[in-house]
Amino acid sequence: MTQPPHDKPTASSPEELREQVEQTRTALGGTVQALAAKTDVKARAQEKAAEVKEQAAAKAGELKEQATVKAVELKAKAAGLAHQAQDRLPDPVKDKAAQAAEQARAKAAQASQLWQEKAPGPVREKTAQGAQLARDNRNLLLAAGVAVVVWLACRSRKG
């Protein structure tokens, strides 16, 4: 048996000796568990993978939130610019746009009537589905139309 350290007193009774042995066993058991955990590569890899996955999910959430905020800002800015451009359009251009829109509606009504009379049934059904899709996305189509009008107005001013 080894000598006890000189800075610790030796046990004076068998009960104290048992207590010291138990404390030593507990400390040694903790050390063995820590060493076993360090050598368990699979468990450490799984822990690291879970940690990285959590970090990636948190980062993705942050990026999604930032993208949403930026999209709202850009949408508001685009709406403001569209209003500014519309306000700057001269009245003759606005009048021409309104006339063109009315003419387009009239021509579309005529074409629709002719289409209903001449087109085969399956083709009319597909066309009706496309028209419904356009009605469902009306705001998007209107925004695209406004963008084209603004672009054309800016282009005509430069040219």
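Q: What radius of gyration does the protein have, and what would a compact globule of 159 residues have?
A: In this predicted model, the protein has a radius of gyration of 39 Å, whereas a compact globule of 159 residues would have one near 15 Å.

Q: And what does the C-alpha trace span along its principal axes?
A: The C-alpha trace of the protein spans about 110 × 45 × 25 Å along those axes.

Q: What is the secondary structure made of?
A: The protein has five helices and zero strands, and from the N terminus on the elements run α-α-α-α-α.

Q: How much of the protein counts as buried?
A: Of the 159 residues, 3% count as buried, and the accessible surface of the protein comes to about 14,200 Å², with 60% of that surface belonging to carbon and sulfur atoms.

Q: Switching to pockets, what volume does the largest pocket have?
A: The volume of the largest pocket is about 980 Å³, and its lining is made up of 24 residues.

Q: Which residues lie nearest the centre of the largest pocket?
A: Those nearest the centre are Arg105, Leu141, Leu142, Gly145 and Val146.

Q: Which helices supply at least two residues each to that lining?
A: Helices α2 (41-88), α3 (91-118), α4 (121-136) and α5 (138-158) each supply at least two residues of the lining of the largest pocket, and α5 gives the most, with nine residues.

Q: What is the make-up of the lining by class?
A: The lining of the largest pocket has 17 nonpolar residues, together with three polar and four charged ones.

Q: How many salt bridges does the count come to?
A: The count comes to four salt bridges. One of them joins Glu51 and Lys48, whose closest N and O atoms are 3.9 Å apart, and another is formed by the side chains of Lys70 and Glu73, at 3.9 Å from N to O.

Q: Where do Glu51 and Lys48 lie?
A: Both Glu51 and Lys48 lie in helix α2, where they are three residues apart, about one turn of the helix. Glu51 is partly exposed, with a relative accessible area of 39%, and Lys48 also counts as partly exposed, at 48% relative accessibility.

Q: And where are Lys70 and Glu73?
A: Lys70 and Glu73 are in helix α2, and because they are three residues apart there, about one helical turn separates them. Lys70 counts as partly exposed at 48% relative accessibility, and Glu73 is partly exposed with a relative accessible area of 44%.

Q: Why can side chains like these pair at all?
A: Side chains of opposite charge can pair when their charged atoms come close.

Q: How about His83 and Lys96, how far apart are they?
A: His83 and Lys96 are 13 residues apart in sequence and 18 Å apart in space, again taken from C-alpha to C-alpha. His83 is found in helix α2, where His83 is partly exposed, with a relative accessible area of 49%.

Q: Last one: which helix holds Arg157, and how far is Arg157 from Leu140?
A: Arg157 is found in helix α5, and Arg157 and Leu140 are 26 Å apart in space, C-alpha to C-alpha, while being 17 residues apart in sequence. Arg157 is exposed, with a relative accessible area of 54%.

Notes: Residues numbered from 1 in each chain as written. Predicted model: local features only at pLDDT ≥ 70, side-chain atom pairs only at ≥ 80, totals over all residues. Heavy atoms only, no water. 1 Å grid on protein atoms, 1.4 Å probe; cavity = no way out; pocket = protein on both sides within 12 Å on 5 of 7 lines; lining within 4 Å. Points joined across faces, edges and corners; volume = space filled by probe spheres on them. Helix = DSSP H or I, 4+ residues; strand = E, 2+ residues; numbered from the N terminus. Nonpolar A, V, L, I, M, F, W, Y, C, P; charged D, E, K, R; others polar. Rg over C-alpha atoms; globule rule 2.2 N^0.38 Å. Buried < 20%, exposed > 50% of the residue type's maximum accessible area, 1.4 Å probe, protein only. Areas by Shrake-Rupley, 256 points an atom, 1.4 Å probe, with all protein chains shown as cover.
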